[in-house]
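We will go stop by stop.

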Amino acid sequence: MVRKRVLASRFRDSDPIDESPDHILVGVVSIPENAESPWRLIGKRILIAVLALLLAAVVVYLDRDGYDGGGGADGHLTVIDSIYYATVSLSTTGYGDITPVTQQARLINTVIITPLRLVFLILLVGTTLSVLTEQSRQAFKIQRWRSLVRNHTVVVGYGTKGRSSVAAMLADEISPEDIVVVDTDPQALKAAAARGLVTVQGSATRSDILKLAGVSRAAAVVVATNTDDTAVLVTLTARELAPNAKIVATVRESDNKHLLKQSGADSVVVSAETAGRLLGLATITPTVVGMMEDLLTPDEGFSIAERRVEEAEIGGSPRHLAELVLGVVRKGQLIKVNEPEADALESGDRLLYIRMVSG
């Protein structure tokens, strides 16, 4: 226990990035958003500029008695005068020594010169405005996400194992908004963001990075790091921050399985042994390996699923159900279907069964 506290404090003393203001987190936390055509964005900007111009013209025209130098018969501003005045005001042109004096000249200035000026302004400052707007929008989205995120799944590591686990969750109809990926590789995070996932850049061995990913409010944590020692540290930190979350971890060597269990992992998958068993089966019964791959692919063929026992099934045997039941989960413990305890289903039991998935 003392050793766990020493290891945990080693990472707890780092800079608390989870307490940073939201605008500082832009680039660390990435909230996915729908891609939009550049031409559509430019069109929106032009439309907003035109609406602002018309609004200013209406305001000027309603107060036309307070203006001098208009082209109307009584010296007051006309509609065209109002639009012209709004144009030179909003475009910061001002009044120079060359000024349109006829109605026709002012109309031409409004219809032709102003759109060209707006295009110039968009091209000149569009990039800067876009960056500022994007940063502000991301900061707002990060603030909103941090206040609302609950009961999500944190996936640590988006390598081969992490991508496969995310693919399985998405195929099992888990929303991308309920998955947060933590990794140090920008390319891996970019790939995760392309799938609509929220990403956090940083080392998950640091408690503040896990706090930033909302691990303390997460329902589950998937530890899919590349090395076993990192997996132990991440699991230890995650368990300290989230005592009630379900933590699933993977290790390469079976000798390290007990370390993950002691660190707080609920389930540990030994990747090297699992792959080795499949390789051995493939040399003897390759069709069995094909069936195993089918069961592990939830979006086509057969899939292993879990459901709650219905009221009408209580007291009966799972062998008599329409589905092919593999086991019964009772009070968090798995009971195989051939064991005597599974013969009579109880209230609150959950069934592990094989279901057909339409591809």
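Select D183 and D185. A polar atom of the D183 side chain lies 3.0 Å from the backbone nitrogen of D185. This is a predicted model. D183 is found in strand β3. Leaving aside neighbours within four places in sequence, its contacts include G157, G159, A188, L189 and V200.

Step to V182. V182 lies in strand β3, residues 179-183. Is V182 buried or exposed? V182 has a relative accessible area of 1%, and under 20% counts as buried, so V182 is buried. Color the contacts of V182 beyond four places in sequence: among them are V154, V155, V156, V200, I209 and A213.

Next, select helix α6, residues 186-194. Its residues A188, L189 and A192 are buried. Look down the axis of α6: the buried residues fall within an arc of 95°, so they line one face of the helix. They pack against β3 and β4 (198-201). Turn to the face away from the buried side. There you find the exposed residues Q187, K190 and A194.

Check both ends of α6. At the N-terminal end, D185 is the cap, with a side-chain oxygen 3.1 Å from the backbone nitrogen of Q187. Just after α6 comes G196, which takes a positive phi of about 85°.

Now show the largest nonpolar core. It has 34 residues, and V200, V221 and L260 have the most contacts inside it. Helix α8 (residues 228-241) gives the largest share of this core, five residues. Center on L260. Beyond four places in sequence, L260 is in contact with A231, V232, T235, A249, V251, A265 and V268.

Move on to the charged pairs. How many salt bridges does the structure hold? There are seven. Side chains of opposite charge can pair when their charged atoms come close.

Select E306 and R350. They form a salt bridge, with the closest N and O atoms 2.6 Å apart. E306 is in strand β8 and R350 in strand β11 (residues 350-357), so the pair ties together parts that are 44 residues apart in sequence. E306 is partly exposed at 41% relative accessibility. R350 is partly exposed too, at 27%.

R307 is buried, with a relative accessible area of 13%. E313 lies in the loop between β8 (301-308) and β9 (324-330), and at 15% relative accessibility E313 counts as buried. Beyond four places in sequence, E313 touches R307, L321, L345 and L351.

The side chains of R307 and E323 meet in a salt bridge at 3.3 Å, N to O. R307 lies in strand β8 and E323 in the loop between β8 and β9, so this pair ties together parts 16 residues apart in sequence. E323 is partly exposed, at 26%. Keep R307, E313 and E323 selected: salt bridges that share partners join them into one network.

Methods
Residues numbered from 1 in each chain as written. Predicted model: local features only at pLDDT ≥ 70, side-chain atom pairs only at ≥ 80, totals over all residues. Heavy atoms only, no water. Helix = DSSP H or I, 4+ residues; strand = E, 2+ residues; numbered from the N terminus. Buried < 20%, exposed > 50% of the residue type's maximum accessible area, 1.4 Å probe, protein only. Contact = heavy atoms within 4.5 Å. Arc of directions from axis to C-beta. Polar contact = N/O pair within 3.5 Å; in protein donor to acceptor, adjacent residues only side chain to side chain. Core = buried A, V, L, I, M, F, W, Y, C linked by side-chain atoms within 4.5 Å. Salt bridge = Lys/Arg side-chain N within 4 Å of Asp/Glu carboxyl O.
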